[in-house]
Amino acid sequence: MNSHQSVGIVMIEDDAGHARLIEKNIRRAGISNDIKHFLDGTSALDYLFNDASGPSHNGPALVLLDLNLPDMSGTSILEKIKQDEKLHRTPVVVLTTTDDKVEIQRCYDLGCNVYITKPVNYESFADAIRQLGLFLSVIQVPSVEEQ
C-alpha cells in the first residue's frame, strides 16, 4: 500500500447544480484528486463497500455527503460508513441545507468530521466550498486498515 496514495473524493449529492459548484470550487482550490459523484445513496454505498476501486478495497477516501438524498437519508449512509471496520476512519464532510441543531448533533454523534450548511446564497456557498478545498489540501486521511 503506497502511503502517498491520492485520496479519492466521493461526492454523494443529488443536486447536479450543487455538485458542479462543489467540484468547480474544489478544483479552484487546486485540488486535483479524483472525484467520484453519486446522485443517490444506493449507488454510493455500493461503490464505497463493494467496488474494487472503492475505498473498502483500494484505500483512502474522503466522503462529501448531502443529507437529503432521494433514496435514503445521508445520516444512514454516515452510520454505515462509521460502523464498518474498514471504513470507520474515513473522513465524512456533511454538506447540507439543514441547519437544524438536532440534526447537526446527530451527525457528529454518528462520527461526521465536518458539518457544513449550504448557504442559500451562491457566493457564500462558493466561498464555503473554496475553504473546504483548502481544508482538503492539508487534511491527512488515514489509510483503510489492512484486514
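Predicted model: local features only at pLDDT ≥ 70, side-chain atom pairs only at ≥ 80, totals over all residues.
**Asp-66.** Leaving aside neighbours within four places in sequence, I found Asp-66 in contact with Ile-12, Glu-13, Asp-14, Gly-74, Leu-95, Thr-96 and Lys-118. I then looked up where Asp-66 sits: in the loop between S3 and H4. Is Asp-66 buried or exposed? Its relative accessible area is 4%, and buried means under 20%, so Asp-66 counts as buried.

**Strand S1.** Ile-12, one of the contacts of Asp-66, belongs to one face of S1, so I went to that strand next. I counted 5 of the 5 residues of S1 as buried. On one side I have Gly-8, Val-10 and Ile-12, on the other Ile-9 and Met-11, and both faces are covered. A note to myself on the pattern: side chains in a regular strand alternate between the two faces of the sheet.

Which strands pair with S1? S3 is joined to S1 by 5 bridges, and the two run parallel. There, Val-10 stands opposite Val-63. S2, residues 35–38, also runs parallel to S1, with 4 bridges between them. In that pair I see Ile-9 opposite Ile-35. I followed the chain from S1 through H1 to S2 and noted a right-handed β-α-β crossover.

**Ala-16.** While on H1, I checked Ala-16, which lies in that helix. Ala-16 is partly exposed, and its relative accessible area is 39%. I also looked at Leu-39, which is 23 residues from Ala-16 along the chain; their C-alpha atoms are separated by 8.0 Å.

Next I looked for nonpolar residues packed together. As a general rule, nonpolar side chains in soluble globular proteins tend to be buried together. Here the largest nonpolar core has 24 residues, and Val-10, Ile-12, Leu-48, Val-63 and Leu-65 have the most contacts inside it. Which elements give two or more residues to this core? I listed S1, H2 (41–50), S3 (61–65), H4 (74–83), S4 (92–96) and H5 (101–110). H2 gives the largest share, 5 residues. Apart from this core lies another, of 20 residues, and among them are Met-11, Ile-31, Ile-35 and Leu-64.

Not counting residues up to four places away in sequence, Leu-48 touches Val-10, Ile-12, Gly-54, Pro-55, Ser-56, Val-63, Ile-81 and Leu-87.

**S4 and S5.** Then I turned to S4, and found 4 bridges joining it to S5 (residues 114–117), with the two strands parallel.

**Helix H6.** My last stop was H6, residues 122–138. At 1.5 Å a residue, its 17 residues should span 24 Å; I read 25 Å between the end C-alpha atoms, which agrees. Which residues of H6 are buried? They are Phe-125, Ala-126, Ala-128, Ile-129, Leu-132, Gly-133 and Leu-136.

Methods
Residues numbered from 1 in each chain as written. Heavy atoms only, no water. Core = buried A, V, L, I, M, F, W, Y, C linked by side-chain atoms within 4.5 Å. Buried < 20%, exposed > 50% of the residue type's maximum accessible area, 1.4 Å probe, protein only. Contact = heavy atoms within 4.5 Å. Pairing = 2+ DSSP bridges. Expected span 1.5 Å × (residues − 1). Right-handed = clockwise from strand over helix to strand, strands pointing away.
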